[in-house]
Amino acid sequence: MPVTINTAPGSLTAVLVGDLDHHSAKPIRERIDAAIAEHRPTELVLDFGGITFMDSSGIGLVMGRYRLMEELGGKVVVDNAPTTIKKVMRLSGIDKLATINYGGADK
Amino acid sequence: MKAQNTMKLTIESLSINEGFARSVICAFAAQLDPTIDVLSDIRTALSEAVTNCVVHAYKNGTGAVYITAALYPDGRIRIKVRDKGCGIEDLQKAMEPLFTTADGERAGLGFAVMQSLMDKVTVRSKPGSGTTVTLEKRIGSTHEG
């Protein structure tokens, strides 16, 4: 799954495109964590607008980044999440830790 | 009730096959004309079951994952995901939300997701010989009610 990293002062955005599952989660995580280590942002935005599928592996990804950003005193925002992943997001309770904005195109 | 259609798929427990298995089950379930939401529920639950085989059942290597599915005239789909892997020692604990034995960043939500998205989830496991997860859902929109 391709990940595009965009940076702005204090903020780092990771744009994800494709299926977010156990297979794709590891390389995405490594890419994002390397960018966090380099830029040390106070806000991490995960842009899910291009996500075509997500299972609990995506929850693991968001939770892990939440913990990492918490250590840095920062926060996590999930933007453009497709409504098809709402059930999984709510079930996990991750919406209590990170801000989840829905509105991604449903694929 | 006799199934109106059935399928069998055997895959190696490689993570790249998770997406392949999802595609196959979606194409098969599409015969019952499900809504996009229902199809999304089914492929997410299937993904969790197959991922468990990849991550847990054959954690020290790879092995076969046997997926069978059946469509019934009353609009139900029943999917079985079976492995001949390590089995689950404590099934009750394994099914608790947020419990995981896996390294890395597994959320421990696999069974919780399956249970919330499907009508019925049954797990049979024998340590040392494998696990079978059965997922069932009514998908025919004209049969609801």
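## Sheet of chain B and its interface with chain A

In E5 of chain B, B:Thr132 is the bridge partner of B:Arg82. The model is predicted. The two strands concerned, E3 (residues 76-83) and E5 (residues 130-138) of chain B, pair in the antiparallel sense over eight bridges.

This pairing belongs to an open sheet of five strands in chain B, ordered E1-E2-E3-E5-E4, with antiparallel pairing. Strands E1 (5-12) and E4 (120-126) of chain B stand at the edges with a single partner strand each, so one side of each has no neighbour in the sheet. On average, neighbouring strands of the sheet are turned by 10° against each other, direction ignored.

| Helix | Strands concerned | Angle |
|---|---|---|
| H2 (residues 36-57) of chain B | touches E1, E2, E3 and E5 of chain B | about 10° with E3(B) |
| H4 (residues 110-117) of chain B | lies across E4 and E5 of chain B | about 25° to E5(B) |

Between the chains, 22 residues of chain A are in contact with 25 residues of chain B. The buried area is about 1900 Å², and carbon and sulfur atoms give 54% of that area. Four salt bridges are counted between chain A and chain B; the side chains of A:Lys87 and B:Asp41 meet in a salt bridge at 2.7 Å, N to O. Twelve residue pairs are in polar contact across the interface.

On the side of chain A that touches chain B, H1 (22-39), E3 (43-54), H2 (56-71) and H3 (86-92) of chain A each supply at least two residues. H2(A) gives the most, with eight residues. By class, this side of chain A has seven nonpolar, nine polar and six charged residues.

Notes
Residues are numbered from 1 along each chain as its sequence is written. Chains are lettered from A and ligands numbered from 1 in the order in which they are written. This is a predicted model: local features need pLDDT of at least 70, side-chain atom pairs count only at pLDDT 80 or more; totals for chains, interfaces and linings use all residues. Side-chain values use heavy atoms; hydrogens and water are left out. Two strands pair if DSSP finds at least two bridges between them. Helices (H or I, at least four residues) and strands (E, at least two) are DSSP runs, numbered from the N terminus. Axes are lines fitted to C-alpha atoms, for helices over the stretch in contact, and angles run from 0 to 180 degrees between N-to-C directions. Contact means heavy atoms within 4.5 Å. Buried area is the accessible area (1.4 Å probe) that two parts lose on being put together, summed over both. A polar contact is a pair of N or O atoms within 3.5 Å; within protein, one must be able to donate a hydrogen and the other to accept it, and residues adjacent in sequence count only if both atoms are side-chain atoms. Ala, Val, Leu, Ile, Met, Phe, Trp, Tyr, Cys and Pro count as nonpolar, Asp, Glu, Lys and Arg as charged, and the others, Gly among them, as polar.
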